[in-house]
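Please keep the structure open while going through the points.

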Amino acid sequence: MLSVKHLPPSSCFSLDSLQPISSPASKQLFCSPSLRTGKRTSTISYHKAKGFLPYCVFVEAANVRGMNPSVSTTVWRRILEDNVFRFDSTENAREEAWPSLSFADAKQREIPFEGVGIPEYYPRCAFEKDRQIMIFELPSGTSFYGTGEVSGPLERSGQRIFTWNSDAWGYGPSTTSLYQSHPWVLAVLPDGKALGLLADTTRRCEVDLRQKSLIKFVAPSPYPVISFGPFSSPAAVLRSLSHAIGTIGMPPKWSLGYNQCRWSYEPDSKVLEVARTFRDKLIPCDVLWMDIDYMDGFRCFTFDPKKFSSPNDLGRGLHSHGFKAVWMLDPGIKAEAGYGVYDSGTSQAAWILSSKEKTYIGEVWPGPCVFPDFTSKATRQWWAELVSKFVSDFVDGIWNDMNEPTVFKTVTKTMPDVNMHHGDAEIGGTQNHLHYHNVYGMLMARSTYEGMMLANSKKRPFVLTRAGFIGSQRYAATWTGDNLSTWDHLRMSIPMTLNLGMSGQPFGGPDIGGFAGDATPKLFARWMGLGALLPFCRGHSEKGTIDHEPWSFGAECENVCRLALERRYRLLPHIYTLFYNAHTTGEPVISPLFFADTKDPKLRDVEDSFLLGPLLVSASTDKREGSSTKKVNLPLGSWKEFNFDDNHEDLPLLFLKGGSILPTGPVVQNTGQLDVCNELTLVVALDDDGNAEGLLYEDDGDGFDYQSGKCLLTSYKATLQNDQLHVKLDWSRGHLQRPSRALNVLLLLGETAKVVFSGIDGEDIIFELPSAAELAELVADGKNKNKTFSGSLKDDDIEVQDPLKGLGAPRAIIELNGGEWKLKVVPWIGGRVISMVHSPTDIEWLWSRLEMSGYEEYSGTEYRSSGCTEEYNIIRKDIAQIGGNESVLMEADLVGGLALCRSIYVSKESPNLLQFSSSLVAKSNFAGSGGFSRTARLRIHPSFQLRHPTETFIRFETIDGKSQHISIESEELCLCGDKRPNGEWMIVDTCANVSLVNRFNVEEVEQCLICWGPGTCFLELWSPERPISKATPISIHHTYETVYVTSG
């Protein structure tokens, strides 16, 4: 099919203007002579479907390059509201499509809507085996956003993702499948209008944006694509999307405060110690979180009898200090007779089944586990009742983790696709896991939400989920998963949260400070500075890392964190109002800068700033610059910089849009200290005409009385008249009585200068402005103060100097950027390569943690024998000049008089090749052993990351000429003699259409080993095992190259 673009609006494109052509008797067809796309003429056909409006439309075209010529029609139908259209490949496909799980009411996708207008953009459709391909071609200059929880850049052009919920610990900017699935693209057109496209399928879906201005969805057939718009703005598209997928419920106000978590705070006395420290140090915080170690042997709904012997007492202790408590629940239920949850679930047939209709057993934290089948209403009710009993006075919220679902000791990190779910008929009935995988986490969150409602229908449930699907915001907040304590992950925090918001999930944010690895004072302070202004604000870190509480990095960092969180609590009235707006309209809580001016192309890829309503937050995410030196991108219009007298190099800059009023409150230590009678401060930035306005939403902060009108929505207005500022209540709605409270007005003058005056809320306030001379003096004084920033924190990372010569073993990560490759090497832990990125494709090939995996080398047959943990000395590092070479030479002394030498090299002649040369050499004469060492073996052990495990295989030709194709189902495979690869083997990713080719000298390699791990593959090269002398080292020389492959 060929897309027909920019059809005339219905007012100037009528059926009367069409010429009849031959057609089947079942429908009347018309052809418009004016409808042309390039050199091809397209046929538009209309017919009245099933006796009702609107019309279904078929679009036909011929000779479309790359498309299956046997497929030549798509059909569309208007649904939901004006300018929302459903596209299917055929009428039969429409009837056969599985029920929607993204729509809040699945029936709305099936019911035609009697409105006006026809689609402005049509898809072309083709089929490849069992996969349906829907392609939308949009005008040149279109920008793409959304696609849900994704790493990498904010603007998604050039990217491709796969919707497949995955346990993606330590993901990178090129990881293509994270914890959630949103087959959704928000397209901003060159003229500033916007269009949204939803591939409404729960199956694995490829969202391909690699071609400019072209959107391609690829998923098993059949599925519809729903288009929203074009509308006048991206916000209008998201409002329309929310009419389909629903909006977030109003969260309890306490969940908008700061949340502190760690894997794990244990025992319960440690939890209380952390709580007391927050209060002693006057650092605002509302919530402490209990990770998995509170359980008895990781059994859900239990408590460790020693470490958490009295959860009720812990809950009372936390509540007495003004804290709420959130507790983790995972889907993996220990398969153990006598464990009440397992026994009751077994009696109710609650578990997911294997393909042989037996209860599926997979290993997670408790060991062998069973998994609730949340596709069944009976199972959801069973789980909800367990949650209801679990939730008591001491359980304020629930955290659903590991619900992709994650399964240990499997290459895919999840359960087999062929497992069986006995789902309810209305969501798809009995299906294999491939069908329900992406919605498993959402259905678990739904059941948990319903359980909390069952426990107390007068409290708003708070659920946090790691896995989700488009629409899961109806039940839970989310976070961006297991990120790393690095500057790269700090930089990704903003675009990841923004794209979640532009995909219907407004309540998200990162683990502040990074989950894995050790933050530095500067990194943690910067992260807290911007994280305190994101919708979900939580610090979290994993086992084995240093402490990551705000006071853990010294007094200066502690002070920055305190200032950052005080900002958040001052802004809570505004943030709560934005959540009300998200709840009622579907608009995000934070939005990218281009929302302020959708026609300005310079704003479309700004990643270090965001809009919190009319408040622009500009954060410094580069450790080399602070707030006083960073360049700020401001949209068109008047923007007044201001702060709360808290200037600091490591805190973001704040700007308020001219014409806006920002409601703020006092600093409190937790939301429980907030009172409706607290004084209110309105920050006012006048526009060029001397006007400003703003909204404030208030309710009880919990419960559902607001739904019956017990709330207060107030519009404030400010007007400058003859050197007098008039501030008044413009209008209000709701039945909540206006409290008697002081109202302060803070008028921004520019350059952070301000004047403050006071009155009573609800009364008109008139203030005489200072004289022109006095105003000029205030602005000049503000400008001088604005140049004064509190000192920036130092970063503990040792800067790498170039070139490095004779540096010994510096505790600094060595970075190589040569040719097509970017590497990171950790000299002090086995010379480990922890990152190996191919720059043209942005693929991270290695799976690594700082202390293990990645690229390792050993000096023996045994796994992790000497060589993989020793400190390596940097003998030489050559940095590439323009077109030059890049290399590093390292050496580590091993036991027994041996050393392991390694050279990593990228040459200007072969920039595509990453070259490794490694040798075990003798450092001793071994006089007592005839000049020879003990027997040794050089073992190359790289851990390669599989982005698409089920679509990845190993391919090579053996020395004896046989072609081999090794898939993940294979066992560990040792290749010796003529069964070895003939000097070359490769990892082939058929989804990404790339392969990593490893070439080596077969004379140096005695055997090769293939081993599969969770989301990983090991391609090992083993030298012969023999003694070593100074004249006879053991060496392996090999290279890596990324090569594009053709599908099929």
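1. A definition comes first. Two strands are taken as paired if DSSP finds at least two bridges between them. With that rule, strand S12 (residues 160-163) and S16 run antiparallel and are joined by four bridges. Phenylalanine 162 stands opposite glutamate 206 in S16. Please read everything here as a description of a predicted model.

2. Now the whole chain. The protein chain holds 13 helices and 67 strands. It has 1048 residues, of which 62% count as buried. Take the contacts between residues at least 6 apart in sequence: 68% of them join residues at least 24 apart.

3. Back to S16, which spans residues 205-208. Which way do its residues point? In a regular strand the side chains alternate between the two faces of the sheet. Here Cys205 and Val207 point one way, while Glu206 and Asp208 point the other way. All four are buried.

4. S16 also pairs with strand S17 (residues 214-220). The pairing is antiparallel, over three bridges. Valine 207 stands opposite phenylalanine 217 in S17. The two strands form a hairpin, with five residues between them. In the turn, serine 213 has a positive phi of about 65°.

5. Another set of strands is worth a look. Three strands form an open sheet in the order S22-S24-S23, with antiparallel pairing. Strand S22 (333-334) and strand S23 (362-364) each have a single partner strand, so they stand at the edges and one side of each lacks a neighbour in the sheet. S23 is joined to strand S24 (residues 367-370) by three bridges, in the antiparallel sense. In this pair, glycine 362 stands opposite cysteine 369 in S24.

6. Next, a helix pair. Two packed helices are described by the angle between their axes and the distance between the axes. For helix H9 (residues 487-501) and helix H10 (residues 521-531), the axes come within 11 Å and cross at roughly 5°. Angles under 35 degrees count as roughly parallel, so H9 is roughly parallel to H10. On the H9 side, the contact involves Trp487, His489, Leu490, Ser493 and Ile494. On the H10 side are Lys522, Leu523, Arg526, Trp527 and Leu530. By class, the contact has six nonpolar, two polar and two charged residues.

7. Is glycine 1015 buried or exposed? Its relative accessible area is 9%. Buried means under 20%, so glycine 1015 is buried. Leaving out residues up to four places away in sequence, glycine 1015 touches Thr410, Val411, Thr412, Lys413, Phe944, Gln945, Leu946 and Pro949. Its C-alpha atom is separated by 9.8 Å from that of isoleucine 968, 47 residues apart along the chain.

8. On to charged pairs. Side chains of opposite charge can pair when their charged atoms come close. The count comes to 53 salt bridges. One of them joins aspartate 88 and arginine 94, with the closest N and O atoms 3.8 Å apart. Aspartate 88 counts as buried, at 0% relative accessibility. Arginine 94 counts as buried too, at 4%.

9. Aspartate 401 and arginine 466 meet in a salt bridge (3.3 Å, N to O). This pair links distant parts of the chain, 65 residues apart. Aspartate 401 is in the loop between strand S25 (397-400) and strand S26 (420-422). Arginine 466 is in the loop between strand S28 (463-465) and strand S29 (468-469). Aspartate 401 counts as buried at 9% relative accessibility, and arginine 466 at 1%.

10. A further salt bridge joins glutamate 1020 and arginine 939, whose closest N and O atoms are 2.5 Å apart. Glutamate 1020 is in strand S65, and arginine 939 is in strand S58 (residues 939-945). These are distant parts of the chain, 81 residues apart. Glutamate 1020 is buried, with a relative accessible area of 2%. Arginine 939 is buried as well, at 7%.

11. Last, a network. Which residues are joined by salt bridges that share partners? They are Arg86, Asp88, Arg94, Arg109, Glu110 and Asp200, in one network.

Note on methods
Residues are numbered from 1 along each chain as its sequence is written. This is a predicted model: local features need pLDDT of at least 70, side-chain atom pairs count only at pLDDT 80 or more; totals for chains, interfaces and linings use all residues. Side-chain values use heavy atoms; hydrogens and water are left out. Buried means under 20% relative accessible area, exposed over 50%, partly exposed in between (1.4 Å probe, protein chains only). Contact means heavy atoms within 4.5 Å. Axes are lines fitted to C-alpha atoms, for helices over the stretch in contact, and angles run from 0 to 180 degrees between N-to-C directions. Angles under 35 degrees count as roughly parallel, over 145 as roughly antiparallel, 65 to 115 as roughly perpendicular and the rest as oblique. Ala, Val, Leu, Ile, Met, Phe, Trp, Tyr, Cys and Pro count as nonpolar, Asp, Glu, Lys and Arg as charged, and the others, Gly among them, as polar. A salt bridge is a side-chain nitrogen of Lys or Arg within 4 Å of a carboxyl oxygen of Asp or Glu.
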